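Hello,

Here is the structure I promised to pass on. My notes follow below it.

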Amino acid sequence: MKYTDGIKYLADETSSYWLLDAIFSHETKQFLSNPNLREFQIWHLRVENNSGVLICEWDTNKQFAIRNSQFAV
């Protein structure tokens with residue numbers, strides 16, 4: 001995964017290194033064996049009532065991975 005200046009800025013400004021860890025944990029050889037995910041990925045974090053869903057798409061509305069998480073507020 002490319003760690004761009006924009007990714008660093010987001011993590012620094014929001015202290016969301018945990019989010020990068022969650023995303024990077026999916027960047028496995030098996031995950032990246034899908035040619036649609038090698039160059040571009042769309043990640044969404046949807047949070048409601050201290051529970052979150054992290055979703056990876058390779059194109060709009062084409063989900064590849066979903067991860068449910070609990071968050072402390």
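Strand S1 (residues 42–48) and strand S2 (residues 51–59) run antiparallel and are joined by seven bridges. Strands here are DSSP E runs of at least two residues, helices are H or I runs of at least four, and both are numbered from the N terminus. Two strands pair if DSSP finds at least two bridges between them. His44 has Ile55 in S2 as its bridge partner. The two strands form a hairpin with two residues between them. Asn49, in the turn, has a positive phi of about 55°.

Before you read on: this is a predicted model, where local features need pLDDT of at least 70, side-chain atom pairs count only at pLDDT 80 or more, and totals for chains, interfaces and linings use all residues. Residues are numbered from 1 along each chain as its sequence is written, and side-chain values use heavy atoms, with hydrogens and water left out.

Next, the loop between H1 and H2. Ser15 lies there, between helix H1 (5–14) and helix H2 (17–24). Ser15 is not a glycine, yet its phi is positive, about 50°. Most residues other than glycine have a negative phi. Ser15 counts as exposed because its relative accessibility is 52%. The cut-offs for relative accessible area are under 20% for buried and over 50% for exposed, with partly exposed in between (1.4 Å probe, protein chains only). Ser16 is in the loop between H1 and H2 too. Ser16 has 7% relative accessibility, so Ser16 counts as buried. Leaving aside neighbours within four places in sequence, Ser16 is in contact (heavy atoms within 4.5 Å) with Leu10 and Ala11.

Now the second largest pocket. A pocket is an open set of points on a 1 Å grid over the protein atoms alone, where a 1.4 Å probe fits, with protein on both sides within 12 Å along at least five of seven lines; lining residues have an atom within 4 Å of a point. The lining has 12 residues, and Leu10, Leu19, Leu20, Ile23 and Trp43 lie nearest the centre. H1, H2 and S1 each supply at least two lining residues. H2 gives the most, with four.

Last, Thr28. Thr28 sits in the loop between H2 and helix H3 (29–32). Thr28 counts as partly exposed because its relative accessibility is 37%. A polar atom of the Thr28 side chain lies 3.1 Å from the backbone nitrogen of Phe31. Thr28 and Ile55 are 27 residues apart in sequence and 16 Å apart in space, C-alpha to C-alpha.

Best wishes

Note on methods
A polar contact is a pair of N or O atoms within 3.5 Å; within protein, one must be able to donate a hydrogen and the other to accept it, and residues adjacent in sequence count only if both atoms are side-chain atoms.
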